[in-house]
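Please examine the sequence and the structure before reading each solution.

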Amino acid sequence: MSQVKEKDTVKVHYTGKLASTDQVFDSSLEREPIEFTLGEGTIIPGFETGVLNMKESEKKTIEIPKEEAYGEVKKELFQQVGKDQLPEEIKPEVGMGLVSQNPDGSERQLRVAEVNDDHIVVDANHPLAGHDLSFELELVEIKS
């Protein structure tokens, strides 16, 4: 039976958890498995490494340190924004998701980290930055 190697395209079912609490943050079990090609950099490095050498139908659990996932929380990705810069209908709350438009027209996902009288602090870090992760994997298919 063949094993996953670099450049293979694979389909994988997964359940992702925070390693510290076992809290599930995402799962493909109720939808199609994720499909990706190893070596293209479309998924976090630790996930790709965990799939390497798996066989079809194999199941395993992998632990991914934050350095091989979404990295450390970067303080430079926190920014103060005056409440007067927000659309009037938005009532900011800690944890609320916001979208900002970059000068090039692309969008950036932000989270409200702090709410003050005249300003808020937004966080542009990935929501899973700073966390070690755990994934339960099942290799569904190695595509040729």
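**Exercise 1.** With which residue does K143 form a salt bridge, and how far apart are the closest N and O atoms?

*Solution.* The model under study is predicted. Step one: the partner of K143 is E35, and their closest N and O atoms are 3.3 Å apart. Step two: locate both residues. Step three: consider accessibility. K143 has a relative accessibility of 30% and therefore counts as partly exposed; E35, at 42%, is also partly exposed. Step four: look for further partners. K11, E35 and K143 are linked in a network of salt bridges.

**Exercise 2.** Determine whether each partner in the salt bridge between R111 and D123 is buried or partly exposed.

*Solution.* The closest N and O atoms of R111 and D123 lie 2.9 Å apart. Strand β7 (residues 107-115) contains R111 and strand β8 (residues 119-123) contains D123; the two residues are 12 apart and link distant parts of the chain. Step two: apply the cut-off, by which a residue under 20% relative accessible area is buried. R111 has a value of 25% and is therefore partly exposed. D123 has a value of 7%, so D123 is buried.

**Exercise 3.** How many salt bridges does the structure hold? Describe the one formed by R31 and D26.

*Solution.* Step one: the total is six. Step two: the side chains of R31 and D26 meet with an N to O distance of 3.0 Å.

**Exercise 4.** Which residues touch the most other members of the largest nonpolar core?

*Solution.* Step one: this core has 21 residues, and those touching the most other members are V10, F47, V51, F135 and L137. Step two: identify the contributing elements. Two or more residues come from each of β1 (9-18), α1 (45-51), β4 (59-64) and β9. Strand β9 gives the most, namely five residues. Step three: examine F135. Beyond its neighbours within four places in sequence, F135 is in contact with residues including Y14, F25, I44, F47, I62 and I64. Step four: note that another core, of eight residues, lies apart from this one; V81, L86, I120 and V122 are among its members.

Note on methods. Residues are numbered from 1 along each chain as its sequence is written. This is a predicted model: local features need pLDDT of at least 70, side-chain atom pairs count only at pLDDT 80 or more; totals for chains, interfaces and linings use all residues. Side-chain values use heavy atoms; hydrogens and water are left out. A salt bridge is a side-chain nitrogen of Lys or Arg within 4 Å of a carboxyl oxygen of Asp or Glu. Buried means under 20% relative accessible area, exposed over 50%, partly exposed in between (1.4 Å probe, protein chains only). Helices (H or I, at least four residues) and strands (E, at least two) are DSSP runs, numbered from the N terminus. A nonpolar core is a set of buried Ala, Val, Leu, Ile, Met, Phe, Trp, Tyr and Cys residues joined through side-chain atoms within 4.5 Å. Contact means heavy atoms within 4.5 Å.
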